[in-house]
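The following note sets out several points on charged side-chain pairs for a colleague new to this structure. Please read each point with the coordinates at hand.

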Amino acid sequence: LVDRTVGGLKGETGRVAATTQVFLIFALALSVGYAVFFTTYDMPALAPMVLVTIVCALVYVAGIATVRLGHQFLASLIALTTCAVQILVVTRYVGWETGLHLYLIAGGQLVFMVFTERQRAMRGVFMVIAIATFTYCQLVVDQAGGSYTFPDSALSVLFPVNATLTLLLMFALAWVAHRRANVAREEAANSAARAEYLANTDALTGLANRRPVLERLEQLSAPGVGHYCLAIADLDHFKALNDTFGHTCGDRVLNALGERLRLGLRATDAVGRWGGEEFIFVMADASINDAVTMMERLRLSLAHHPIPCTGHSHDVTMSVGVADGADDQMGHRVIKRADDALYEAKQGGRNQVRANPANQQEPEGEPDAAGSGRARLRRS
């Protein structure tokens with residue numbers, strides 16, 4: 001209940017409004033209880049206090065309506081101001097031995113829960129009001145009351161009841177504060193996880209972007225890990241598809257392809273968008289023949305199942321280059337060999353898988369991760 005949105009308010013304001021509403025309900029119930037008690041105990045002598053508690057109860061009802069309408073700040077002012085005035089007036093009338101002024105002790109924590117950070121100046125104001133009111137009731141107000149004195153038998157019940165309710169209120173406020181702190185930590189953790197997901201995920205295809213795939217490649221190429229394979233795929237004639245049908249259709253093709261690629265790989269494989277219409281695959285514990293077989297299966301599945309679009313479908317094919325790697329920390333060389341194989345697939349007529357095993361001669365020099373094949377051939 002305390003963290004439920006009230007009156008359409010959300011976030012911190014909604015939580016503060018919910019706390020204010022709960023406190024108003026508590027104050028209303030307490031006022032009604034005391035109105036009944038004063039009426040039945042000694043109505044003629046305590047008639048002014050019956051009137052005060054009834055008026056305060058009506059103000060609390062108005063405060064509840066105010067917070068339900070979405071006016072959190074006004075409702076907080078109503079709650080704390082009415083409570084302070086009510087305690088002061090009733091305590092002056094019946095004396096501080098009743099323990100009514102003990103409820104002001106909860107004000108020190110309550111002010112931090114019924115005002116938002118933007119309203120923090122009011123926290124100090126009402127903290128001063130609560131302390132001043134409590135001090136006045138304790139040191140200035142007559143112990144037995146200025147207008148009415150309860151007998152010891154009544155005081156022996158009133159003081160423990162008010163002290164116990166104050167204690168329960170303090171525990172309730174502490175529980176709410178603890179729960180909110182836990183919720184805030186969970187929200188921060190979820191936000192961090194969401195931010196990390198967005199940073200590592202391509203929004204269009206839902207696949208990983210370069211960073212997590214390259215991190216996986218770095219793990220597999222570390223000494224002692226074992227063999228792996230890498231493949232780079234490129235959609236054939238994708239520029240013509242965009243030019244003919246528009247980028248909306250092109251985006252739908254990429255989105256559908258991302259889902260197909262995820263479903264077509266093993267759980268241990270990593271796939272990501274390499275850039276544009278290119279995709280990269282990192283396959284752990286796979287021989288070059290295994291990798292070629294997997295890529296051939298994906299290629300045939302794509303070629304034989306057109307991707308639906310609005311009112312039509314697209315026949316899409318892809319060319320793939322595959323290379324095998326070892327635990328030699330030379331992942332960049334594997335990318336280059338896969339890219340060269342992709343270039344051969346493009347030059348060989350597209351819609352095919354080509355392999356470039358590690359036992360073939362490596363070119364001299366340190367190639368960059370982008371690969372020379374990409375520089376020699378504009379993807380289309």
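1. In this predicted model, Arg273 and Asp202 are joined by a salt bridge whose closest N and O atoms are 3.2 Å apart. Arg273 belongs to strand S2 (residues 270-275), whereas Asp202 sits in the loop between helix H5 (152-200) and helix H6 (210-220), so the contact ties together parts that are 71 residues apart in sequence.

2. Both ends of this pair should be read with their accessibility in mind. Arg273 has a relative accessible area of 17% and is buried. Asp202, at 16% relative accessibility, also counts as buried, because the cut-off for that class is under 20%.

3. A second salt bridge links the side chains of Asp340 and Lys336, with an N to O distance of 2.5 Å. These two residues are four apart in helix H10 (residues 331-347), which means that about one helical turn separates them. Asp340 is buried, at a relative accessible area of 11%, and Lys336 is buried as well, at 9%.

4. Salt bridges with shared partners also connect Glu117, Arg120 and Arg123 into one network. Glu117 is partly exposed, with 40% relative accessibility, while Arg120 is exposed, with a relative accessible area of 52%.

Definitions and conventions: Residues are numbered from 1 along each chain as its sequence is written. This is a predicted model: local features need pLDDT of at least 70, side-chain atom pairs count only at pLDDT 80 or more; totals for chains, interfaces and linings use all residues. Side-chain values use heavy atoms; hydrogens and water are left out. Buried means under 20% relative accessible area, exposed over 50%, partly exposed in between (1.4 Å probe, protein chains only). A salt bridge is a side-chain nitrogen of Lys or Arg within 4 Å of a carboxyl oxygen of Asp or Glu.
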